[in-house]
Amino acid sequence: MSSDALAIQTTEATGQPWVQTLHEWVTTVDHKRLGVLYILYSLFFLVIGGMEAIVIRIQLMRPHNDFVSPQVFNRMFTMHGTTMIFFVAMPILFGFGNYLVPLMIGARDMAFPRLNAFSFWLTAFGGFLLYFSLLGGNGLYGAGTAPDVGWWAYAPLTSRAFSPGHSSDYWTIALLASGFGSIGTAINLIVTIISMRCPGMKLSRMPLLAWLNLVMSGMVLLAITPLSAAQLMLLVDRYLGGHFFDTQAGGSATLWMHFFWIFGHPEVYVLIIPCFAFVSEIIPVFSRKPIFGYPVMVGATVCIAFVSMSVWAHHMFTIGMSSYANSFFTITTMAVGVPTGIKIFNWLGTMWGGKILFKTPMLFCIGFLFQFLIAGLTGIMLASSPFDWQLSGSYFVVAHFHYVIVGGILFALFGAFYYWYPKITGRMLNETLGKFHFWLFLIGFHLTFDLMHIPGLLGMPRRIYTYEPGRGWDTLNFLVSIGAFIQGIAIVVFVANLIFSYFKGAKAGNDPWDAWTLEWSVSSPPPAYNFSTIPTVASRRPLWDLKHPEDPDNRYE
Amino acid sequence: MRIGETMRKADWQVIASRVAGILFLLAAELLAASLCSASTPADNPVPSIFDPHSTPAESIRHLSVFVLGITGLIFLVVFILLAYAVVKFRSRKAGAEREPAQVYGSTQIELAWTVIPILIVAVLFLATARVIHGIQDAPKPVGTIEVTAIGHQFWWEFRYPALGIVTANELHIPVSDPAHPSPTFLKLLSADTDHSFWIPQLAGKTDLIPNRVNQMWMDPQRVGIYLGQCAQYCGTQHAKMLLRVYVDSPEDFNAWVSEQRQPANQDDKELSGKHIFETTSCVNCHAVGGTNGTGRFGPDLTHLMSRRTIAAGAAENTPENLRLWIQNPDAIKTGSLMPAMKLSDAELDALVRYLETLQ
Amino acid sequence: MSAMTTPLSGSRLSWKLPYRGRVGMACLIFAESAIFTIFVVAYLFYIGKSLSGPTPREVLETPIFYTICLLSSSLTIHFAGKFLERGSRGAFLLLWLLTIALGALFLYGTGKEWHRLIYERGLTISTNLFGTTYYSLVGLHAFHVTAGLIMLTIVLLFGLAGRVGPEQSARVDVLSLYWHFVDAVWVVVFTVVYVLGR
């Protein structure tokens, strides 16, 4: 039995002391183990971030509630946003990328295994540092506690004057660390994809997951770095007496906004593009057809990457830019919807004429399609800047982006879990629990995030620890909170499934889904070296060619 | 093949849940719409963006209905196609062995669903650009009222430079007759960090940013009270930085203006309270015309009793609340920058009685 | 270390992909360029906006000599690489040492300038917007020069121990790429600070 199965199996199999197993995991440079570490790390923070959300929703269940103080509430929404983006979404996507990309391109590991490990531990350290603020907070000299400046940390709220103590510094330094970790992994992914593909795997034959991770990593290099730069400037302001964002000295608060959103907008594409990748791998397999329009899918993604670098100020429509600037960002934002829509149509085209199998991975992908469609359309509404002058800073925006992140990203991630868990662990996730997870989460998601749009339309701003009664927001907020609790229960079901199936799940074998990409050609879990012989490929679906020698793909590509 | 069985029930369940979701959403929207129909009284406590009473808010609503219409149509078309695909192309038990036709793509279809969205974007953009320009580049007619709004943590300062008025938190502006418009143009500044002025029924929001001058305008066409609040996170009590805009008839507005322009009540009835005000640190932050109080850190109190609320809407303006606010502001708005004044009961009573005279 | 070359079964084509180190360094340079761009944008944005204090025109002296030092170090490192490829280890080491010396000289020049600005002209990072943006931008660059010098020195030490030969050419070349980047950034910073900014 391979010695690369997860810890407990190894101990059972080889009888080595748990300390040794732990040491192997802590010092690993194997992309598969690092992938698992990233994923476990993110799942942990998903639960923490979810608890923060539950606190927020309990507080907002009724007006003038006093479940938590305003100070605690403000820390909750700051930590919830920061955690979910930087310590759940980014690492989990890098985790899947780390695990899958070398396997899918026929490589034995990533290009720089030690950099891979370093990047993971740097990111992990960042998360630890951010949460240390809760302890390192109300300690000596009144050093403050968890950051409470919102996850965008707008200036001058983050200046020494308005954020005394060190809470903002925990935010800044934690994200600097994890940012550099992200850059390291992005470099690794790019170099791996460019320099380590197996023979025959031209770029035009790579699985879409590899393409999309390539694009996403390129965007990380260009998007995370402005945030790092702005954070360095913030540290200069806070510790060296600098004036980058010091409005008293002529500095500009809007400069921070520009720098932040030059990061912030491409960042959300960084998050969604790997999810497009999951969906692009899962839908074809469960429709029993190749992806419709592979070259267009690649082209559209590259298009999205470029155009998304030009839309950032749609987060700033209310700051008083000129009508020309507002018009410019309106059109670029609407324009980026075109390639995104094309992708939805291509997924539809993949399903069209297929033989759709409603296993759990596919259920989550279908949910993704419907929900991402809606999220994209509310995005178009927000792109229209006058409409945004009403909707910005309100719960409509909160509903929109949670629709993308939960309805889009998280659903695609769940699909990825159910699809690749057999490969990673050698066992199938329980299909009944999976369906239960899906339906429960679906109901909770829609209850919360469909309704959440309405208080925004009725004037409810975001980031408020309480609200006035009688404005039409009361019942809606109550129901939104109920939906959140339902989603929480669904997550419990999911985690239970992950744990239960690890021990009792049906054995998966190499290829439980009858799929077509290289990772399904090796055992589940794969051996440490991935492939005993580096494969040579002749088409985009090497396993299809093997299974259908009378009708191989390379005849048609 | 090791795919396993397919569950035919699941397909219908998927569709059913989708339809249910849509109906639910529609129902909720109808509920919301019913809350903001055109026939609600002027004192509508629901600050809905679909209940405009001013030109900017109205042109935004008009545009938003257009955008909603187009996006709604797109949604319907794609939803139907997706739902159809999910139902029609589900795998059936018989014939599950043979793979379907392996189609790789189609240039014509790709062109179609590229060109059409581009056209839609062009239309939406043009409609939007018109409204942007119409609102942002609107000229100032002769009857304009100019107000300077200064955002503070966590209250609003309003100055009428031409009229010589300074007040706080509750804005009085005249109703505007479309035939002879008298809109209010607000100059937006900030004394500390970012804020945002948002009264959904009157206009879209615009931010108040330190070291930057922003501008917005509104021309309310119905008398009444309009509610809103700060819409850009500005610190601990961002949630309680509430706004009340009183749109007055021309007569009422003029009456209010002349009241506000009066100097502070010089009755000398509550001398001991006035003495406390002038000799305690109150005057470091607060101004009352005719006293040595010229502080600008906190709201101007010259006509405090002309306001219905205190602490930027956090509490009703009653003697009890005033007393509580001075003695223990944390009880009303924890984290606000009003310090607890630590006065004795007698001093507090006298002070409140004095403040009550500031009509 | 050359790129992995694997013969395709049944074909005469070989499968050659770009060298990992080069691609990796190109990515790093790409990312670092973005960081520098943001600092340059901040610098340009704040030109003329300081509320008080010394202006660039009043206090800056164009560092022509030290710029020539740094830019020539690009030439020396380039030729060092060429010599190493050919196996002339001695020439390589000499030119490598020269590169380090020129880079160190540049840093010395920066330090000298900062000393003058701080102690004679009263310009610090907290004086005004010009001070903040100037020290941040030039300082960020100097930090990258320092990091580069450290790496160059490590290679020098390995070289003196006789462990750097033509087989290490590709890796040394990757490091030179970084050094060229640092020089290119200086061209931009120089233009922005000493030409445009005045």
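## Chain B and its contacts

Among the contacts in chain B between residues at least 6 apart in sequence, 64% join residues at least 24 apart; two residues are in contact if their C-beta atoms, placed from the backbone, lie within 7 Å. This is a predicted model, in which local features need pLDDT of at least 70 and side-chain atom pairs count only at pLDDT 80 or more, while totals for chains, interfaces and linings use all residues. Residues are numbered from 1 along each chain as its sequence is written, and chains are lettered from A and ligands numbered from 1 in the order in which they are written.

Chain B has nine helices and twelve strands. Helices (H or I, at least four residues) and strands (E, at least two) are DSSP runs, numbered from the N terminus. Of the 359 residues in chain B, 42% are buried. A residue is buried if 20 or more other C-beta atoms lie within 10 Å of its own, exposed if 12 or fewer, and partly exposed in between, with C-beta atoms placed from the backbone.

## Two domains in chain B

Where they touch, 17 residues of domain 1 of chain B are in contact with 15 residues of domain 2 of chain B. On the domain 1 side, β2 (155–160), β3 (165–168) and β10 (242–248) of chain B each give two or more residues. That side has seven nonpolar, five polar and five charged residues. Here Ala, Val, Leu, Ile, Met, Phe, Trp, Tyr, Cys and Pro count as nonpolar, Asp, Glu, Lys and Arg as charged, and the others, Gly among them, as polar.

## A sheet in chain B

Have a look at the open sheet of five strands in chain B, with the order β3-β2-β1-β5-β8 and mixed pairing. Two strands pair if DSSP finds at least two bridges between them. At the edges are β3 and β8 (214–218) of chain B, each pairing on one side only. On average, neighbouring strands of this sheet are turned by 25 degrees against each other, direction ignored.

Within chain B, β1 (residues 145–152) and β5 (residues 184–190) pair in the parallel sense over seven bridges. Val147(B) stands opposite Leu186(B) in β5(B).

## A closer look at Thr291(B)

Thr291(B) is in the loop between α6 (282–285) and β11 (309–310) of chain B. Thr291(B) counts as buried because 20 other C-beta atoms lie within 10 Å. Leaving aside neighbours within four places in sequence, Thr291(B) is in contact with Ala264(B), Lys274(B), Phe277(B) and Glu278(B). Ala264(B) is 27 residues away along the chain, with 8.3 Å between the C-alpha atoms of Thr291(B) and Ala264(B).

## Chain A and the side facing chain B

Chain A has 17 helices and zero strands. Of its 557 residues, 67% count as buried. The C-alpha atoms of chain A fill a box of roughly 70 × 55 × 40 Å, taken along the principal axes.

Between the chains, 84 residues of chain A are in contact with 90 residues of chain B. Several helices of chain A each supply at least two residues to this side, among them α4 (70–104), α8 (253–287) and α14 (431–451). The most comes from α10(A), with 16 residues. By class, this side of chain A has 46 nonpolar, 31 polar and seven charged residues.

Methods:
Axes fitted to C-alpha atoms, helices over the stretch in contact; angles between N-to-C directions.
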